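Q: I'd like to learn how to read a structure feature by feature. Could you walk me through this one?

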Amino acid sequence: MGGVGDEEPATKRMKLSAGELRGLSNGSSCAEPVAGSSRDLMARPLPSEGDEQVVGSKGVIKRVEFVRLIAKALYSLGYKKSGAHLEEESGIPLHSSFVNLFMQQILDGNWDGSVDTLQKIGLSDETIVKSASFMILEQKYFELLDEEKDMDALKTLRTEIVPLCINGSRVRELSSCIVSPSFGGTPGKNIVRAKSRSKLLEDLQKLLPPTLMILDRRLEHLVEQALVLQRDACIFHNTLNEEMSLYTDHWCGKEQIPSQTLQILQAHNDEVWFLQFSHDGKYLASSSSDQSAIIWEVDVNGGVSLKHRLSGHQKPVSSVSWSPDDHQLLTCGVEEAVRRWDVSSGECLHVYEKPGVGLVSCGWFPDGKCLFSGVSDKSICMWELDGKELECWKGQRSLRISDLEITSDGKQLISNCRENAILLLDREAKVETFIEEDQTITSFSLSRDNRFLLVNLLNQEIHLWNIEGENKLVAKYKGHKRARFVIRSCFGGLEEAFVASGSEDSQVYIWHRGSGELIEALPGHSGAVNCVSWNPANPHMFASASDDRTIRIWGLSGQKVKHRGAHSNGIHLNCNGGT
Amino acid sequence: MDVDPRHFNQVAINDNDINSIVLSYLVHNCYKETVESFVASTGTKQPADCIEDMEKRKRIFQCAVEGNAQKAIELTEELAPELLEKNKDLHFDLLSLHFVELVCAKKCTEALEFAQNKLGPFGKVDKYVTKLEDFMALLAYNEPEKSPMFHLLSLDYRQQVADSLNQAILGHSNLPDYSALERLIQQTTVVRQYMSEDNVKNGNPPFSLKDFIRS
């Protein structure tokens with residue numbers, strides 16, 4: 001690669017960039033005055049600190065590069081005097097004089113001059129010189145066309161561009177442009193074909209070696225990179241719009257994670273097995289072995305109150321599913337029927353049953369017009385809302401205890417099909433893939449972006465699978481307890497950065513998804529915690545369902561605990577110092 | 001079938017048929033003098049305007065082959081008005097011949113203007129876009145014969161265009177656009193190749209028209 005070298009010999013010579021050195025040896029003069037007077041050109045080292053070739057504690061930043069980036073940043077910020085002063089004081093010019101000349105010529109439209117300067121700029125690679133010349137002459141060509149100087153443009157094409165003997169297909173395109181102003185586009189319109197000169201300069205910058213011409217905003221780019229890395233490394237990061245400062249490394253504390261019970265909801269008469277927030281976070285639905293389901297409303301302050309009790313099932317209700325628009329809810333009785341409810345009125349709109357068999361799971365189709373359910377004969381059925389059966393996949397598709405999910409594009413159906421396998425059925429391509437584990441799978445949960453599956457196993461591990469393309473295991477989470485029951489886990493928090501799970505030791509467990517680190521184990525319930533649901537609209541709120549018949553609403557530890565009124569069936573919680 | 005293929009040399013052929021075939025070839029290719037003397041020798045009939053038309057077609061053909069497209073277009077308009085309007089492909093091909101002539105004569109300004117005014121409008125229709133690009137690419141080169149599109153300058157190309165023009169004119173006057181002789185040879189070749197397929201599998205050479213003519 002040609003251009004300014006960065007291998008400065010560690011001698012006591014004046015630290016000039018190689019470009020300048022070349023310029024000096026060619027007899028041309030330096031554009032910028034260098035530090036010290038001319039007698040300093042010999043032997044004497046530069047005074048004080050700043051003689052080091054590298055800066056920074058790790059010794060990986062080269063001084064010359066660092067200073068040039070700063071100078072470039074000063075110029076982009078508009079501080080021309082400071083930029084020039086830095087170049088002078090450090091003795092490190094931002095660009096060689098030829099590069100400066102080149103850039104000016106481009107902006108002035110001095111094409112012939114710039115092509116000329118290109119030869120002197122110090123590029124060792126002929127192909128780059130040619131490609132850059134081609135780019136410049138192309139600009140010349142288009143500008144001539146825009147000025148309607150067709151013959152001049154043609155002359156440029158014939159005598160300057162073609163002799164470069166590169167990019168024949170582009171030459172072809174260029175010669176077509178001359179026929180009509182908008183060749184290939186809409187006829188009759190006067191289109192400006194030449195791009196702006198500053199865009200040309202940008203494109204040339206990308207073509208030429210980066211040591212020669214510093215890319216625009218390079219320093220800003222490096223700083224942004226650092227900030228993004230900091231944020232990604234922050235395992236407690238759970239607040240949107242967190243402003244990041246350059247003064248200290250970004251660091252969130254645990255206080256970003258909900259860890260305090262704000263409310264206890266007591267309305268079920270038996271174990272609460274399942275719960276889920278609606279997509280908009282305004283409602284929560286819970287289901288219980290007391291054969292009922294409850295729709296709760298979440299008010300603007302995060303307070304949760306009972307809205308409707310849904311009775312009708314003759315069996316424990318194992319799961320619920322919100323319609324895509326959150327206006328309807330499906331509930332599934334264990335090996336019984338699926339019921340569809342209207343959320344605002346609490347009315348049961350339809351009951352779905354199959355004679356001779358029971359339904360075990362349910363899910364909405366993304367367009368809200370159909371629903372799926374797993375059947376106790378191991379098949380999966382698809383119904384229209386009015387009850388008409390549309391399709392049925394037979395064979396070992398689901399189990400007697402089974403989850404059922406559909407990706408939000410409607411393409412993939414996911415279901416437990418064997419004790420240790422999950423089936424992913426691509427409805428369009430009619431392709432089946434499997435996730436297989438060594439242990440029995442008890443439940444699973446799909447991420448919002450449809451790319452990941454969280455799988456709960458019998459051996460008390462939670463596995464994270466990437467289901468895009470080939471199914472791949474990417475992480476494992478441990479720490480919670482599961483011995484006899486179905487325990488569920490879920491994604492949650494800002495950008496689903498966390499995994500939360502219930503546990504048989506009555507605690508709620510929270511891990512950082514990316515690192516697998518266990519962040520919290522929250523006590524409170526007095527029975528196994530069966531299910532956790534994180535509010536998709538509020539990263540600081542999640543709910544847990546337990547065998548102790550209650551539902552707990554969790555929030556940030558600084559938050560005010562909700563006082564309960566008589567109508568909402570929650571308990572007022574006394575919390576020391578909790579304001 | 002009436003005759004066993006192996007006894008093809010016993011098929012009866014009418015002399016008149018043979019004469020028609022030869023005549024069709026001569027007329028198609030505008031060999032006026034030969035037609036006249038053939039007709040005189042064999043007594044075959046030929047349609048009234050035949051000679052005159054042949055003359056005209058011959059001139060058009062020659063103009064096209066020489067690259068004098070403007071003249072060819074003029075004469076075509078005289079002989080077969082509206083032919084070129086109905087046959088846009090042909091029209092484009094002829095105009096492009098003229099363009100090529102200008103390019104070869106290094107008359108760049110004229111070539112550019114001609115392209116912009118006459119060829120450009122064709123560019124609005126998708127199927128001409130690639131062709132148009134092909135021709136415009138010639139303009140970019142000082143020495144068009146060294147450009148990637150040099151074949152457009154060749155005699156072969158001009159011949160091709162001239163042939164298409166000839167066929168179009170014949171078609172316009174309700175004459176067959178292929179001579180019977182040509183068709184027969186094409187068909188014979190296919191049939192014989194088909195028939196000799198089995199022989200070829202046994203190692204014999206396939207049918208070759210050239211060899212047949214020489215033998």
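Q: Are A:F365 and A:F372 buried or exposed?

A: Good place to begin, and please keep in mind that this is a predicted model. Residues count as buried at under 20% relative accessible area. A:F365 is buried, and A:F372 is buried too.

Q: How many aromatic pairs are there over all chains?

A: Ring pairs are found from the distance between ring centres, which must lie within 6.5 Å. By that rule, the count over all chains is 16 aromatic pairs. One of them joins A:F365 and A:F372: the ring centres are 5.6 Å apart and the planes meet at 35 degrees, so this pair is tilted.

Q: What kind of aromatic pair do A:F542 and A:W554 form?

A: Here the angle decides, since planes under 30 degrees apart count as stacked. A:F542 and A:W554 have 20 degrees between their planes and 6.0 Å centre to centre, and the pair is stacked. A:F542 belongs to strand 29 (residues 542-546) of chain A and A:W554 to strand 30 (residues 550-555) of chain A, so the pair ties together parts that are 12 residues apart in sequence. Both A:F542 and A:W554 are buried.

Q: Which residues of chain B do ring pairs link into a cluster?

A: The cluster consists of B:F92, B:F122, B:Y128, B:F135 and B:Y157.

Q: Which ring does the charged end of B:R183 sit over?

A: That ring belongs to B:Y178, and the charged end of B:R183 is 4.1 Å from its centre. In chain A, look at A:R418, whose charged end sits over the ring of A:F434, 5.3 Å from the centre.

Q: Which residues form a nonpolar patch on the surface?

A: Turn to chain B, where B:F8, B:V11, B:I13, B:I18 and B:V22 form such a patch, with about 480 Å² of accessible area together. B:I18 lies in helix 1 (residues 15-28) of chain B. With a relative accessible area of 39%, B:I18 is partly exposed.

Methods
Residues are numbered from 1 along each chain as its sequence is written. Chains are lettered from A and ligands numbered from 1 in the order in which they are written. This is a predicted model: local features need pLDDT of at least 70, side-chain atom pairs count only at pLDDT 80 or more; totals for chains, interfaces and linings use all residues. Side-chain values use heavy atoms; hydrogens and water are left out. Patches are made of residues with over 30% relative accessible area and no salt bridge: like charges are joined within 9 Å, nonpolar side chains (Val, Leu, Ile, Met, Phe, Trp, Tyr) within 5 Å. Accessible areas come from the Shrake-Rupley method with a 1.4 Å probe; for residues, only the protein chains shown count as cover. A salt bridge is a side-chain nitrogen of Lys or Arg within 4 Å of a carboxyl oxygen of Asp or Glu. Helices (H or I, at least four residues) and strands (E, at least two) are DSSP runs, numbered from the N terminus. Buried means under 20% relative accessible area, exposed over 50%, partly exposed in between (1.4 Å probe, protein chains only). Rings of Phe, Tyr and Trp (its six-membered ring) pair if their centres lie within 6.5 Å; planes under 30 degrees apart count as stacked, over 60 as edge-to-face and the rest as tilted. A charge sits over a ring if NZ of Lys or CZ of Arg is within 6 Å of the ring centre and within 35 degrees of the ring normal.
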